[in-house]
Amino acid sequence: MTYQFDKGKRVAVDSTPPSSKSSSNAEGTPNKSTTSEAWEHFIQLSSDPLHPRSKCRYCGKEYKCGFHKGTSNLLGHIRERCLKYPGRARVDKKQKTLSYKPVKIGEPCSLVSTTYNVEACREAIAKFVIKDEMSFRVVEGEGFKVPSRTTIARDILQLYKKTKKDLTDFFVSSHQRVCLTTDTWTSAQNLCYMCLTAHFIDDNWTLHKKILNFCQVADHKGETIGRQIETCLLDWGIERVFTVTVDNASSNDGVVFYLSKVVNNWNSAILGGQNMHLRCSAHILNLIVAEGLKEYHQSISKIRNVFKAYAEREKISSNKLLCLDVVTRWNSTFFMLEAAEKYEKVFDRLELHDAQYIREFCLNEPKTCPSSIDWEYARYFIKFLKVFHDATLTFSGSLYVTSNNFLRQLCLIHTQLQAWRDSKDLFLKIMAENMKKKYDKYWGNYETINPYLFVSILLEPRHKERFLRYCFVVLFGEFKANELVVKVRNNLHSLYEEYKLLYGDDVEVMDAVNDEKDLEVDTEVDARQMFDLGYMGILKDNIFVECKTEVDLYLLESCENLENESFDVLDWWKINSSKYPILSYVARDILAMPVSTVASESAFSTGGRVLDPHRCSLSTRTVEALICTQNWLRSTPINFDEAIDEIEHIETEILGADKNIFDEA
């Protein structure tokens, strides 16, 4: 194609040799053997060669497209949009189809009418990617062929915004008071992230854990993190903060101090925010155990340095896998010893039959192979560390109430340390002494523990004052126990009076007031009835004097059965909230307190999987959308330990089946 100028205008002249031209018919359709099938349905318009256009044969719709351009838009028009194309299937979008309703195993199948919805399908795909932590590229796999990864990324952000708006509306409308946990983490991108999690109990007495933000912060300084949390709370419309649970980093003191001032300025702090700071119990426990295990006993070293062998010959009935421990994590040492102890006979057999084992561990002086005494020490360690391991699991819960279990675990730890301090074994005695020093730093005095944790015992219907006093006797002695019980009771009264000012207008306060009508005696009854009614009036008057508030009435009632394993403290308060309308508000906030920051730290595990070395290019906004939305959509987090255990169990079954097949053959 060349151009000539005629009277100042440029005119196109076809200079292509006849042999080089593509053959086409009179309607402008090119040769079918060398072009897209789209040209069977479109006519080439050649009026302007610089901007070629094509027209649909059926509806006349024009598109900007020529022979040598892409034809995807033309094919899309024929397949999806052209209403006059005779070969296109006629589908009524309102027409429903029959399909089987999803049911659980054992339930009968049933047919239901459904309608295909494109938006619902895309949202389901977005939830699939978020919940199961799939790559965006999964939708472009060979067996998927649905919207591109870019479209899915947009859908995920849209789902994040929609779900966040629903949560924000809830916080704003309900004026929900929350307990916060926060922690920081450095990703593979070398970026500092902060996770902020809200814990609260709703009007239906259901405990919730919601990750509010997983955002980038400039540094780990207390004021920087405090300002970021303030920004997040304003964005969510949250003003009522009860406690903030953080680990023992020095910068976190500045975080809580800054937040307490902010919440006080919002006029929403309880008792001036003086008890807002709650230290992570799991972190303190880790410091205590690490202090005692600074210098490992040689028995642990011996067991760590040998390997599992000959297990099948000894027919050990245990599914425990021998695992190596991590020196910086005491709980891994517990797992290692717990698993290795099952294989004591195996190590004894190695000493008799394995030449390499003998050369490496038995010929040295002194021997480095574990002896019977070493195994006895290992059993001591297992028993000792199990107390701390169980306490860590209790403190780390996020789907159940933990504040009412704190004091019991504290007493168990205290008792264990005291027993080991009195041990005749010098090593155990020294180790317990080292742990007790760290224990006393954080939990040795009543004043170093957040008083709300003791109030939670009074609000536990199975415990109340009798259990609180017993725990104080164990921890601080008989002399101080009564004094401390009075302090805790006064703290509960202070909270009650504060909440009475906040919620007294919203509920019918049931504080006892003398009613003279109840003491009136009917003059028409006989003497016996007059005497009995008068005495009952005196009794009622005494009850009113003793029970001036809901707190007094609640504490006066007998405790629930401690042996009832099915007892649920939230269900109890849900049933009795009408009886104690103000005190129930106190219980909602006290029982919602998390005693550890594990809820926020667990988000970093998700963050590590989302931001693995192969996905470091994700923006901080996308990372926050993925982690937060997964938390909002999932009822429970992914448990990779359980998944691995399940895989190992399946592999064992498969190997066992294969072995049986070969044996039969």
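A nonpolar core is a set of buried Ala, Val, Leu, Ile, Met, Phe, Trp, Tyr and Cys residues joined through side-chain atoms within 4.5 Å. The exercises below use this term for a predicted model.

**Exercise 1. Describe the protein chain as a whole.**

Step 1. Start with the secondary structure: the protein chain holds 24 helices and 12 strands.

Step 2. Turn to burial. The chain has 665 residues, and 40% of them count as buried.

Step 3. Take the contacts between residues at least 6 apart in sequence: 64% of these join residues at least 24 apart.

**Exercise 2. Find the largest nonpolar core and the residues with the most contacts inside it.**

Step 1. The largest core comprises 87 residues, and Trp443, Leu459, Phe472 and Trp573 have the most contacts inside it.

Step 2. Helix H12 (residues 372-395) supplies the largest share of this core, 10 residues.

Step 3. Another core lies apart from it; this one has 53 residues, including Ile152, Phe200, Ile238 and Val263.

Step 4. Return to Trp443 and leave aside its neighbours within four places in sequence. Among its contacts are Ser281, Ile284, Leu285, Phe395, Leu410 and Ile449.

Step 5. As a general point, nonpolar side chains in soluble globular proteins tend to be buried together.

**Exercise 3. Decide whether Ala481 and His414 are buried or exposed.**

Step 1. Locate Ala481: this residue is in helix H17 (residues 478-503).

Step 2. The cut-off for buried is under 20% relative accessible area. Ala481 has 0% relative accessibility, so Ala481 is buried.

Step 3. Not counting residues up to four places away in sequence, Ala481 touches Arg469, Phe472 and Val473. Between Ala481 and Leu468, 13 residues apart in sequence, the C-alpha to C-alpha distance is 8.7 Å.

Step 4. Locate His414: helix H13 (residues 406-421) contains this residue.

Step 5. His414 has a relative accessible area of 10%, so His414 is buried as well.

Step 6. Apart from neighbours within four places in sequence, the contacts of His414 are Lys436, Tyr439, Val474 and Leu475.

**Exercise 4. Work out the order of the open sheet formed by 3 strands.**

Step 1. The order is S3-S4-S5, with antiparallel pairing.

Step 2. Strand S3 (42-45) and strand S5 (62-63) are the edge strands, because each pairs on one side only.

Step 3. S3 and strand S4 (residues 53-56) are joined by 4 bridges. Gln44 is opposite Ser54 in S4.

Definitions and conventions
Residues numbered from 1 in each chain as written. Predicted model: local features only at pLDDT ≥ 70, side-chain atom pairs only at ≥ 80, totals over all residues. Heavy atoms only, no water. Helix = DSSP H or I, 4+ residues; strand = E, 2+ residues; numbered from the N terminus. Buried < 20%, exposed > 50% of the residue type's maximum accessible area, 1.4 Å probe, protein only. Contact = heavy atoms within 4.5 Å. Pairing = 2+ DSSP bridges.
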